Amino acid sequence: MQTRDWLFLSILACLWGFSFLFVELGLQMFTPQALVTLRVGIGALFLWLVLAPGENPFPHSWSLWGWFLLVGLINNAIPFNLISLAQEEISSGMASILNATTPFWALLIARIVHRDEPVTFNRLAGLMTGIAGVAVLVAPDDTAVSLPLGATLMMFGATLSYAIAGQFGRKLLSVTPLQAACGSLTGATLFSIPATLYSGFYVPEVLPGEGNVWLMTIAVLGIAIPCTALAYPLYFIILKSSGATNLLLVTLLVPVVAVLVGVVLLNETITSQALAGMGIILFGLVVLDGRIIRKARNLFSAHPS
């Protein structure tokens with residue numbers, strides 16, 4: 001990956017790192033399915049408004065809309081709902097650990113589908129080190145914690161869905177990143193509405209008007225616009241320039257941002273364990289990137305002792 005790609009990946013991680021805070025707030029009033037529908041629906045509407053006055057008309061290809069629907073289903077509707085449901089049983093920290101396995105699945109799928117993406121030692125070692133760093137970063141104090149089987153399977157289903165979506169997302173690289181994001185989020189909205197109608201809109205114990213409505217509004221707009229409408233065009237930019245495996249490394253960085261958001265906005269304390277986890281993640285990414293290691297190796301070979 002080039003320096004530009006790492007910069008975009010870091011920006012994407014920052015946008016998605018705030019999503020944990022917004023989801024936690026939003027679930028105080030809305031059901032998981034309703035929050036997902038609001039997220040992708042408002043995000044799609046925002047992008048439609050951005051595209052409407054643009055010079056390039058939105059593509060009117062039935063084939064392309066078929067890909068929009070498929071990518072929206074497996075990249076947004078399915079994983080967003082699975083993660084929201086899983087977080088009713090497990091903590092956001094544990095969800096982050098399981099979510100960080102996404103690039104591992106992406107690497108295996110890319111190897112099967114695209115033979116030109118080799119499973120190198122650097123990639124495997126960097127990925128496993130990064131996942132270990134996420135585990136250290138957000139692991140609970142009680143190391144004997146047990147994971148509910150249903151929630152664990154839902155998280156793995158979400159990560160596998162993300163990994164597959166990274167490959168199908170290539171089909172949308174013929175249009176602009178804005179169009180790809182808008183079309184897929186529109187497709188995700190169409191799939192999410194039935195689930196919301198079935199589950200209900202509000203949490204049963206909370207009626208509209210109770211609590212801090214302004215806070216709920218900020219949470220919904222936060223998860224929909226910066227974390228979705230602004231994030232997904234960037235997603236497709238990185239996908240086009242770096243490929244699905246490198247793109248999904250963002251799941252290793254998101255927990256780091258989420259922890260820092262908690263420190264800055266919620267006055268949470270950053271622990272030595274968290275710092276160690278961040279260091280391990282950084283080391284894993286350095287190993288995966290390989291450039292610093294290659295430069296160090298060349299430097300030592302050029303100056304033998």
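The crossing of H2 and H10 is left-handed. The model discussed here is predicted.

Student: Is H2 parallel, antiparallel, perpendicular or oblique to H10?
Tutor: Helix H2 spans residues 19-26, and its axis lies 8 Å from that of H10 at an angle of about 140°. Angles over 145 degrees would count as roughly antiparallel, and 65 to 115 as roughly perpendicular. The angle therefore makes H2, relative to H10, oblique.

Student: How many charged residues does the contact of H2 with H10 have?
Tutor: From H2, the residues involved are Ser-19, Phe-22, Val-23, Leu-25 and Gly-26; among their partners in H10 are Leu-215, Ile-218 and Cys-227. By class, 9 residues are nonpolar and 3 are polar. The number of charged residues is none: no charged residues.

Student: Is Val-220 buried or exposed?
Tutor: Val-220 sits in helix H10, residues 213-229. Its contacts beyond four places in sequence are Phe-30, Leu-35, Leu-38 and Ile-42. Its relative accessibility is 7%, and the cut-off for burial is under 20%, so Val-220 is buried.

Student: How far apart in space are Val-220 and Ile-42, C-alpha to C-alpha?
Tutor: The two residues are in contact. In sequence they are separated by 178 residues. In space, their C-alpha atoms are separated by 8.8 Å.

Methods: Residues are numbered from 1 along each chain as its sequence is written. This is a predicted model: local features need pLDDT of at least 70, side-chain atom pairs count only at pLDDT 80 or more; totals for chains, interfaces and linings use all residues. Side-chain values use heavy atoms; hydrogens and water are left out. Helices (H or I, at least four residues) and strands (E, at least two) are DSSP runs, numbered from the N terminus. Buried means under 20% relative accessible area, exposed over 50%, partly exposed in between (1.4 Å probe, protein chains only). Contact means heavy atoms within 4.5 Å. Axes are lines fitted to C-alpha atoms, for helices over the stretch in contact, and angles run from 0 to 180 degrees between N-to-C directions. Angles under 35 degrees count as roughly parallel, over 145 as roughly antiparallel, 65 to 115 as roughly perpendicular and the rest as oblique. A crossing is left-handed if the near helix is turned anticlockwise from the far one by less than a right angle, and right-handed if clockwise. Ala, Val, Leu, Ile, Met, Phe, Trp, Tyr, Cys and Pro count as nonpolar, Asp, Glu, Lys and Arg as charged, and the others, Gly among them, as polar.
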